[in-house]
Amino acid sequence: SEHVDFVTEVSVETGDGRLRPDAILRVPGGSALVIDAKVSLNDYQDAFGSNDDEARSFSLSRHAAAMKSHVEGLSRKAYWDQFEEAPDYVIMFVPGEHFLSAALEHDPQLWDFAFEKKVLLATPTNLVAIARTVASVWRQEGLAREARQIGTLGKEMYDRIAVAAQHLRSVGSG
């Protein structure tokens, strides 16, 4: 959409090797959101392909553990240190609501765990909402920064006019 662009599979070399997020979404104000897609399909498919409740529960447990492992992996990558225009978190894109909801049903603490690790869990439904919210916050920060700059310039202009007025008073009396 207007004023928004993205790039996919950008590679960055670090001391620990190469990092390659799936996408970098650029939003107004020169900032970027780092997005990495992750999902554990095998355990999810095993869970919903099983007729046995115990096997289904075991597979869902493994699915939730795999999601948690993806969160830990993304947190260790610290994309926010590699991309200076990125905020101090990464977005873990889960390409289906059902994948995330199954993991959250089995491990309700997953959402908080991810947040503590600076990872935001996003599905197709809420990815756009996250991007728009972040862009709005950045826009507000930009406006506040510009307002401070206007205040500083206004004070400087006032001081200069006061000096000029003093000079005019001296010239007028002379």
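The points below run from the whole chain to single residues.

1. This is a predicted model, in which local features need pLDDT of at least 70 and side-chain atom pairs count only at pLDDT 80 or more, while totals for chains, interfaces and linings use all residues. Residues are numbered from 1 along each chain as its sequence is written, and side-chain values use heavy atoms, with hydrogens and water left out.

2. The protein chain has six helices and seven strands, where helices (H or I, at least four residues) and strands (E, at least two) are DSSP runs numbered from the N terminus. Along the sequence these elements follow the order β-β-β-β-β-α-α-α-β-α-α-β-α.

3. The radius of gyration of the protein chain is 25 Å, whereas a compact globule of 174 residues would have one near 16 Å; the value is taken over C-alpha atoms, and the globule rule is 2.2 Å times the number of residues to the power 0.38. Along the principal axes, the C-alpha atoms fill a box of roughly 100 × 35 × 30 Å.

4. Of the 174 residues in the protein chain, 35% are buried, where buried means under 20% relative accessible area, exposed over 50% and partly exposed in between (1.4 Å probe, protein chains only). Among contacts with a separation of 6 or more, 62% are between residues 24 or more positions apart, a contact being heavy atoms within 4.5 Å.

5. Helix α1 (residues 41–49) has Asp43, Tyr44 and Ala47 as its buried residues. Seen down the axis of α1, these buried residues fall within an arc of 100 degrees, so they line one face of the helix; the arc is that of the directions from the helix axis to the C-beta atoms. Asn42, Gln45 and Gly49 are exposed on the other side of α1, and the cover over the buried residues includes α2 (53–77) and α4 (97–106).

6. Asp107 sits in the loop between α4 and α5 (110–116), and Asp107 counts as buried because its relative accessibility is 16%. Leaving aside residues up to four places away in sequence, Asp107 touches Ala64 and Lys68.

7. Is Ile150 buried or exposed? Ile150, which is found in helix α6 (residues 124–173), counts as exposed because its relative accessibility is 60%. The C-alpha atoms of Ile150 and Val7 are separated by 34 Å, the two residues being 143 residues apart along the chain.
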